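Me: I am new to this structure and would like to go through it with you. Could you put it up first?

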Amino acid sequence: MAKQQQVVIVGGGVIGLLTAYNLASEGQTVTLLERGGLGQEASWAGGGIVSPLYPWRYSQAVTALAHWSQDFYPQLAQRLFAATGVDPEVHTTGLYWLDLDDEAQALAWAVREGRPLSKVDVSAAHDAVPVLGGGYSQAIYMANVANIRNPRLVKSLKAALLALPNVTIREQCDVSGFVLGGGRVVGVNTATGHVLGDHVVLAAGAWSGQLLGTLGLGLPVEPVKGQMILYKCASDFLSSMVLAKGRYAIPRRDGHILIGSTLEHEGFDKTPTDTALESLKASAQELIPALADAEVVGHWAGLRPGSPEGIPFIGEVPGFRGLWLNCGHYRNGLVLAPASCQLFTDLLLARAPIIDPVPYAPAGRLNAG
Ligand SMILES: Cc1cc2nc3c(=O)[nH]c(=O)nc-3n(C[C@H](O)[C@H](O)[C@H](O)COP(=O)(O)OP(=O)(O)OC[C@H]3O[C@@H](n4cnc5c(N)ncnc54)[C@H](O)[C@@H]3O)c2cc1C
């Protein structure tokens, strides 16, 4: 067991929660500070596909985290279910991509990476997914892609943390800045005073750049609004995830179908709009015409922590010893969370990392502010 240290984590999304869980499981004393309620922001709002939407369009840095996480998710979900009775519901349905412009690149990537992605006849896609709309001329399929029911994932992580004696959770606790002392970061400021620790971890999602700005550092993490809608159908209505023209349908085990998503640059505004509702409904009905007869039972927006190339920042901040980042996961924070939080834990505890940490290091990737 590693030397016991006091770690203060800012942000209770999937990244902060899983970082807390990993560190606490390693015997560290953890205080998790969340401005609102745990897991109510992007980590609740996301779709939960356990893959980047177009994995072949990403750098090796994102691919390495995604592959590690994809292998690890089933055991993480099992462990959380066993510990809490809340099942994060890893639902392995596979994913069909229709009418891609870069199908050849996708297939070449799959060969290089050894992924079970292959070209299929559109008629075979219709046989497998009878509710799929017409008019598509090409399809590729990857069999082992899952989705995770992210609202349940954050609920089970919260329950798991509450059961650990070495974890303190403070919700409705807004962190406004950092406490410096002896040439390092030794804590954070909140409305009710300082919270001190040996290490401070910034896992504040889309808001991470604002907080790092208080130290005069420019972290290129920007909010990117995404809206989704939800239908409720029979549990066997849609057997696979399907994706065309940038829009996708995700079936949950109980027949809920999520349709996503928009990509909007609206600052920190996350108001759902009628324009997006109509656009998402049109996409839903094009992908799956039978949804024209179904009712939209939910519509929401969340703020993704956008970062250059979607490569997260994982590691210590140069010039500010004791201050660490685990943020900037953009469109892939749910799929990347297990690997990001394991890599982070390895780095903080000075262990051999699961993968090469260099691409994610904050050094050289922060602006002057
Ligand atoms: C519509 C949509 C669809 C998506 N689909 C997918 C998908 O299919 N697959 C996938 O992998 N990813 C998906 N994502 C992306 C994924 O949801 C995010 O990358 C991920 O949730 C980011 O997690 P996080 O913990 O960094 O951020 P968040 O979940 O936003 O958590 C950050 C937390 O920090 C707190 N905080 C902020 N500032 C402070 C402060 N000053 N003091 C205290 N607390 C603070 C916030 O209140 C928040 O709870 C999607 C996102 C959206 C919006």
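Me: How far apart do the C-alpha centres of domain 1 and domain 2 lie?
Reply: They lie 30 Å apart. This is a predicted model, in which local features need pLDDT of at least 70 and side-chain atom pairs count only at pLDDT 80 or more, while totals for chains, interfaces and linings use all residues. Residues are numbered from 1 along each chain as its sequence is written.

Me: Which stretches make up the two domains?
Reply: Domain 1 is 6-47 + 152-221 + 309-360, and domain 2 is 95-143 + 222-306; such bounds come from an automatic or database domain assignment.

Me: How many residues of each are in contact?
Reply: 16 residues of domain 1 are in contact with 16 of domain 2, contact being C-beta atoms, placed from the backbone, within 7 Å.

Me: Now the ligand: where does it lie, and why?
Reply: Both domains give residues to the shell around the ligand, so it lies between them.

Me: How many residues surround it, and which are the closest?
Reply: The ligand is surrounded by 43 residues, with Gly13, Gly46, Gly205, Gly226 and Gly333 the closest. A residue counts as near if its C-beta atom, placed from the backbone, lies within 6 Å.

Me: Which elements supply at least two residues of that shell?
Reply: They are α1, α2 (42-45), β13 (222-232), β17 (296-306) and α9. Helices (H or I, at least four residues) and strands (E, at least two) are DSSP runs, numbered from the N terminus.

Key. Contact = placed C-beta atoms within 7 Å.
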